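Hello,

The structure we spoke about is below, and the notes after it cover what was found. Please read them with the coordinates open.

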Amino acid sequence: MTHDIRELDDGSVVLHPFDVRSAPVSVPESSMKFNFLVSSFLQVCLACHPHIVGSKLQTEDGGWSVDPSLDEGPCNIDVLESSAISYSQFMHRYAYSGPVIIRGLTDNSEFRQWSSRNRLLKDFGDLRVRLSTANTFSYRKVDVPFREYVSELLKPQTPDALGSDTLYFFGDNNYTEWNSLFQLYRKPPYVLPNTSAALSFGIAGSGTGVPFHWHGPGYSEVVYGRKRWFLYPPDRQPDFHPNSTTLSWLMHTYPQLPVEHAPLECTIRPGEVLYFPDRWWHATLNLDTSVFISTFLG
């Protein structure tokens, strides 16, 4: 990104740092050389810090990479504001019947702040985390320092990669070591009778995800990034290979699906939680480097 320096009719120049054209600063002509030095310095800073985009600082994406190339796709799942649905309505309409996305159900701004890239590396960089292969049955487990995972393994996934070759940080969390972070998370308040909540925290690169599988009910919330979801009811097993990634399925199988075999789907963003009922098939695709947390109801 370049910085816009323009000469005005009166001989002065205008410097637009970070490309903020709404607040120009007039500078005497005698300082023009200084301005060019400042501009060059700022461009070097931007090159060193790619997460500064326009006038937005790292706090917008937490220092995690954003990938605009992956499509969010359609959304055919109900999306509701938390003020528009009560607990009794949730139980009647969705708890045992189908997925729903609820906006503003909890305020996790503090958890989000402590989940930035720099903060997590500072607090947990030297801890070892357990990675799973991103296939349906997750056979292989690998333990690596969290800093190594973020710096070397947290990369976009290619369409031809196999699920068994993709290491994924989700679940297998050491609750004692990560307790200071988990204590900040406000779980969705709408729980099912006779269940208890268990948290599962993860971070994954763009293009990664878990192919179709099922388990008990729960919630998924994105802290940073975007996550695209595909769901089928328990009696409609989707057509997929357990070692093919969600990205591969999206590129090769999804476009050929008849309308009657299309999944329920939607992309969730920070501030939204997706609820999925018991035994519903689901697959996920991270559109950006995503920080996310699930609340499983068991």
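**A buried loop residue**

Asn-108 sits in the loop that runs between strand E5 (100-103) and helix H3 (109-113). Please keep in mind that this is a predicted model. The relative accessible area of Asn-108 is 9%, and the cut-off for buried is under 20%, so Asn-108 counts as buried. Its side chain makes a polar contact with the side chain of Thr-106, at 3.1 Å. Leaving out residues up to four places away in sequence, Asn-108 touches Leu-184, Tyr-185, Arg-186 and Glu-221.

**Helix H4**

Helix H4 covers residues 117-124, and Leu-120, Leu-121 and Phe-124 are buried in it. Viewed down the axis of H4, the buried residues fall within an arc of 100°, so they line one face of the helix. An α-helix has 3.6 residues a turn, so residues three or four places apart point the same way. What do the buried residues of H4 pack against? Their partners are helix H5 (146-153), helix H6 (179-182) and strand E9 (197-204).

**The cavity**

The structure holds 1 cavity of 30 Å³ or more. The space in the largest cavity is about 30 Å³. Its lining is made up of Pro-211, Phe-212, Phe-240, His-241, Ser-244, Thr-245, Thr-246, Trp-249 and Ala-283. Sorted by class, the residues lining the largest cavity are 5 nonpolar and 4 polar, with no charged residues.

Regards

Notes: Residues are numbered from 1 along each chain as its sequence is written. This is a predicted model: local features need pLDDT of at least 70, side-chain atom pairs count only at pLDDT 80 or more; totals for chains, interfaces and linings use all residues. Side-chain values use heavy atoms; hydrogens and water are left out. Buried means under 20% relative accessible area, exposed over 50%, partly exposed in between (1.4 Å probe, protein chains only). Helices (H or I, at least four residues) and strands (E, at least two) are DSSP runs, numbered from the N terminus. The arc is that of the directions from the helix axis to the C-beta atoms. Contact means heavy atoms within 4.5 Å. On a 1 Å grid over the protein atoms alone, a cavity is a set of points where a 1.4 Å probe fits but cannot get out, and a pocket is an open set with protein on both sides within 12 Å along at least five of seven lines; lining residues have an atom within 4 Å of a point. Grid points are joined across faces, edges and corners, and a volume is the space filled by probe spheres set on the points. Ala, Val, Leu, Ile, Met, Phe, Trp, Tyr, Cys and Pro count as nonpolar, Asp, Glu, Lys and Arg as charged, and the others, Gly among them, as polar. A polar contact is a pair of N or O atoms within 3.5 Å; within protein, one must be able to donate a hydrogen and the other to accept it, and residues adjacent in sequence count only if both atoms are side-chain atoms.
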